[in-house]
Amino acid sequence: MAQSDSETRDVVAATNRDGIGAQAAAANSDKVPRTARGERTRRKILDSALYEFGERGFSDASIVGITGRAKVALGTFYTYFDSKEEVFRAVVGDLSDLVRTRVAPMLEGEGDAIDRERRALAALLDLIASRKQVYRIIDEAEFVDPAGYERHYTGAAQRIAGRLKEAAASGEVRREESPFAEEVRAWAIMGANVFVGLRFGVWETADADKVAEVVSRLLRHGLEPR
């Protein structure tokens, strides 16, 4: 699915509220915008970097390409970022925030813990299908920004583990025998979500609710015959 300029601006702006993206912005205090105008300029650069990295990949992307898309001077780029690697790290942080903030509202409302995980996965699949750049950039982060890559997945697994631990305490899901088992369970679920998203969100777009329902049945009933 093609992504419009306005959609991408909405995506990046939505991730500038808090969390990892904000931490990345504050990594170098000398580069943090001091005014609303400065923040808007920085945001334009990040918008353009999302396109540049998402379409061309890190190796072929260039600062000139980013500033050309943003319609800002080359010197303006260096007001906010020291290098292509630094702006890439900022984009990775923004996208991590995007995933988190898109999924969070689905964890509210009726149903038990497995129902909530089903809704969260459906929201993630919808996001992936409409924002395929997320996958390419996060995948490249394994080599360009290993710390950001690890932080992205570790944070997601920790959130799942926390939700399931609370659900176990209320009797909604089975209680695991140790923190280690809780962590393994969380990573297994997150890993399944990642590859389900790759197959049914990136390679081919499928009905997110139908896909999430199949995964939900697996979580609820396992593989034992009924």
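User: Is Glu-172 buried, exposed or partly exposed?

Analyst: Buried means under 20% relative accessible area, exposed means over 50%, and partly exposed lies in between, with a 1.4 Å probe and protein chains only. Glu-172 has a relative accessible area of 30%, so Glu-172 is partly exposed. This is a predicted model, in which local features need pLDDT of at least 70 and side-chain atom pairs count only at pLDDT 80 or more, while totals for chains, interfaces and linings use all residues. Residues are numbered from 1 along each chain as its sequence is written, and side-chain values use heavy atoms, with hydrogens and water left out.

User: Which side chain meets that of Glu-172 in a salt bridge?

Analyst: Side chains of opposite charge can pair when their charged atoms come close. A salt bridge is a side-chain nitrogen of Lys or Arg within 4 Å of a carboxyl oxygen of Asp or Glu. Here the partner of Glu-172 is Arg-116, at 2.9 Å from N to O. Arg-116 lies in helix 7 and Glu-172 in the loop between helix 9 (146-169) and helix 10 (179-203), so the pair ties together parts that are 56 residues apart in sequence; helices are DSSP runs (H or I, at least four residues), numbered from the N terminus. Arg-116 is buried, with a relative accessible area of 19%.

User: How far apart are the closest N and O atoms of Glu-52 and Arg-69?

Analyst: The closest N and O atoms of this salt bridge are 2.6 Å apart. The pair links distant parts of the chain, with Glu-52 in helix 3 (residues 36-60) and Arg-69 in helix 4, 17 residues apart. Glu-52 counts as buried at 2% relative accessibility, whereas Arg-69 counts as partly exposed at 33%.

Note on methods
Helices (H or I, at least four residues) and strands (E, at least two) are DSSP runs, numbered from the N terminus.
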